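Please look over the model shown below before reading the numbered points. They are arranged by topic.

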Amino acid sequence: MSDHPLSTLRKLDPGFMTHVDATDALVYADGALPRRIKLLIAMAFDAADGAPGGVRHLAEEALKAGATKEEIAEALRVAFHLSGAGCLYTASYALKDLLE
């Protein structure tokens, strides 16, 4: 498993990161949308934004929350449709050894 993409900031400003963690807990909690779907949405955003560390971490968390490889692939199709081919390169790099 890879390092959390914010691990450096956790060391630099742990007090602030406590607030970020609380927000994450609220945002990604099961609700009208299950946690795995919220994580897939966030992963698609990170792919579109060119953030491979975020894609990797969110895909790992989505899998832990019950997402399938097929759901990851479909979320990335949506990201591609809305943002272009660059997100596919980001996602492919990020997920290289996670899904093979």
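1. The side chains of R36 and E71 form a salt bridge, with N and O 3.0 Å apart; a salt bridge is a side-chain nitrogen of Lys or Arg within 4 Å of a carboxyl oxygen of Asp or Glu. This pair links distant parts of the chain, since R36 belongs to helix 3 and E71 to helix 5 (residues 69–83), 35 residues apart. Helices here are DSSP runs of H or I with at least four residues, numbered from the N terminus. R36 counts as partly exposed at 23% relative accessibility, and E71 is partly exposed with a relative accessible area of 23%. In these terms, buried means under 20% relative accessible area, exposed means over 50%, and partly exposed lies in between (1.4 Å probe, protein chains only).

2. The structure is a predicted model, in which local features need pLDDT of at least 70, side-chain atom pairs count only at pLDDT 80 or more, and totals for chains, interfaces and linings use all residues. Residues are numbered from 1 along each chain as its sequence is written, and side-chain values use heavy atoms, with hydrogens and water left out.

3. The predictor's confidence in each residue, pLDDT, runs from 0 to 100. Its mean for the chain is 94, and 98% of the residues reach 70 or more. Confidence is lowest in helix 1 (residues 7–12), at a mean of 92, and highest in helix 3 (residues 35–49), at 98.

4. How many salt bridges does a search of the whole structure find? The search finds six. One of them joins the side chains of E61 and R35, at 3.3 Å from N to O. E61 lies in helix 4 and R35 in helix 3, so the pair ties together parts that are 26 residues apart in sequence. E61 counts as buried at 17% relative accessibility, whereas R35 counts as partly exposed at 29%.

5. A further salt bridge connects R56 with E60, whose closest N and O atoms are 2.8 Å apart. Both residues lie in helix 4, four residues apart, about one turn of the helix. R56 and E60 are both buried. Salt bridges that share partners also join R35, E61 and K64 into one network.

6. The largest pocket has a volume of about 280 Å³. A pocket is an open set of points on a 1 Å grid over the protein atoms alone, where a 1.4 Å probe fits, with protein on both sides within 12 Å along at least five of seven lines; lining residues have an atom within 4 Å of a point. The volume is the space filled by probe spheres set on the points, which are joined across faces, edges and corners. Of the 15 lining residues, H4, D24, Y28, H57 and L58 are the closest to the centre of the pocket. Helix 2 (14–27), helix 3 and helix 4 (52–64) each supply at least two residues of the lining.

7. Where is A51 placed? A51 is in the loop between helix 3 and helix 4. A51 is partly exposed, with a relative accessible area of 25%. Not counting residues up to four places away in sequence, A51 touches D46 and T90, where contact means heavy atoms within 4.5 Å.
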